[in-house]
Amino acid sequence: MKNKIQITRTQNSRLSTLDFNNLPFGRVFTDHMFVADYEGGEWVNPRIEPFAPFEMHPASMVLHYGQSIFEGMKATKNQEGQPMLLRPEMHLHRINASAERMCMPAFPEDLFLDALHALVGLEADWIPSGEESALYLRPFMFSTDEFIGVRPSDTYKFIIFTCPVGPYYSKPVRLIAETQYIRAGKGGTGEAKAAGNYAASLLPAQNALKQGFDQVMWLEGPEFKNVQESGTMNIFFVIDNVVVTPYTDGTILKGITRDSFLHILRDKGIPVEERIITIDEVVAAYAAGKLQECFGAGTAAVVSHVSEISYNGHLMTLPAIESRKIGNMLKSEIAGLRTGRIADTRGWMIPVEIEVDALMS
Ligand code: COI
């Protein structure tokens, strides 16, 4: 560990109140969080402190101009009980790509990894076991200048907190293809994991809920033909035994789970295509009886099977979940890798290393 991270341990751990058998997503927070400040052109004062609310100035720039980006990652334990991280460097690269797009400073690679190791090491007892559960890690960065006026902030905070979680979606999802609003267009911020992208998705998602669906399937505007992604996930189809997912063209989040799935599929010799896929092609495949599967992929969602898709009033009901060979295989592979049930041949699983002196308070 290169960086000295000052650690203040909580005097009142809440661990004994945790019900590991009942882990609602994103509602339970562990005892500590990592914090660093960006001031004078550098990241300073990296520290781990008791998890707690913090004060904000009413003119804090993030509240007005939205410079706020985040990541979602998971820590799990392998068969020996060793805490593991899945592809942490991919999340570092993505948060720094998001930072560049939102005119924010990059976060140093070694400090990001040291912070993860120290924090997850400290919170190791909060990591749930079981293939459907994990310790969800939420790194995020936001602007903190106290200023009214549109320009990049000079100061920022970078925080990582963690939550023990169960599944994000507890059942297969019903999607409605969105033909009024768009998530992102070329040249926009769609590829960044920026808070504003999620804010803009809320109204269409609420409309979908009112119509009895769980989420929207985003189509690229203004034609509303090319499928982009779904709600909080990248999207995959299996059509006539070929796995198809939209290629990332700057409007789609470069999902790390998406990337892992592409590697697993190719390694297994399963035909997979990253390309434009139109909603018309999906409808035609369904009509021809060739739409075998559709699922969302994401860190939180892992594999979320899609049971129904609605497009312009036409409802497509997909085959039974038990028959979904690809989605079920990917779900089992990623859970197996995370828990050490399946050997990691790609060097994706990184053991959490904690040096005792780095954890000194
Ligand atoms: C994730 O998959 O980790 C995400 O960030 C999606 C989030 C909306 C839960």
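In which strand is Q6 found? Q6 is found in strand 1, which covers residues 6–7. This is a predicted model, in which local features need pLDDT of at least 70 and side-chain atom pairs count only at pLDDT 80 or more, while totals for chains, interfaces and linings use all residues. Residues are numbered from 1 along each chain as its sequence is written, and side-chain values use heavy atoms, with hydrogens and water left out.

**View 1. Q6 and P46.** The C-alpha atoms of Q6 and P46 are separated by 6.6 Å, although the two residues are 40 residues apart along the chain. Strands (E, at least two residues) and helices (H or I, at least four) are DSSP runs, numbered from the N terminus. Q6 is partly exposed, with a relative accessible area of 47%. Buried means under 20% relative accessible area, exposed over 50%, and partly exposed in between (1.4 Å probe, protein chains only).

**View 2. The surroundings of the ligand.** The residues around the ligand are F70, G72, Y136, R138, Y168, K193, Y198, T232, T299 and A300; a residue counts as near if one of its heavy atoms lies within 4 Å of the molecule. A polar side-chain atom of K193 lies 2.9 Å from an oxygen atom of the ligand. Taken alone, the ligand exposes 280 Å², of which the protein buries 89%. Accessible areas come from the Shrake-Rupley method with a 1.4 Å probe; for residues, only the protein chains shown count as cover.

**View 3. K193.** K193 lies in the loop between strand 9 (173–177) and helix 4 (195–200). K193 is classed as buried because its relative accessible area is 10%. An unreviewed UniProt entry carries the annotation "modified residue: N6-(pyridoxal phosphate)lysine" for K193; such annotations may be inferred rather than shown by experiment.

**View 4. The salt bridge of R94 and E71.** The side chains of R94 and E71 meet in a salt bridge, with N to O at 2.8 Å. A salt bridge is a side-chain nitrogen of Lys or Arg within 4 Å of a carboxyl oxygen of Asp or Glu. The pair links distant parts of the chain, 23 residues apart: R94 is in helix 2 (residues 88–101), and E71 is in the loop between strand 4 (68–70) and strand 5 (73–77). Both R94 and E71 are buried. The whole structure contains 20 salt bridges.

**View 5. The salt bridge of E308 and R174.** A salt bridge joins the side chains of E308 and R174 (2.3 Å, N to O). E308 lies in strand 16 (residues 302–311) and R174 in strand 9, so the pair ties together parts that are 134 residues apart in sequence. E308 is buried at 15% relative accessible area, whereas R174 is partly exposed at 25%.

**View 6. The surface patch.** F54, M56 and L63 form a nonpolar patch on the surface, with about 280 Å² of accessible area together. Patches are made of residues with over 30% relative accessible area and no salt bridge; like charges are joined within 9 Å, and nonpolar side chains (Val, Leu, Ile, Met, Phe, Trp, Tyr) within 5 Å. L63 belongs to helix 1 (residues 61–65). L63 counts as exposed because its relative accessible area is 51%.

Definitions and conventions
A polar contact is a pair of N or O atoms within 3.5 Å; within protein, one must be able to donate a hydrogen and the other to accept it, and residues adjacent in sequence count only if both atoms are side-chain atoms.
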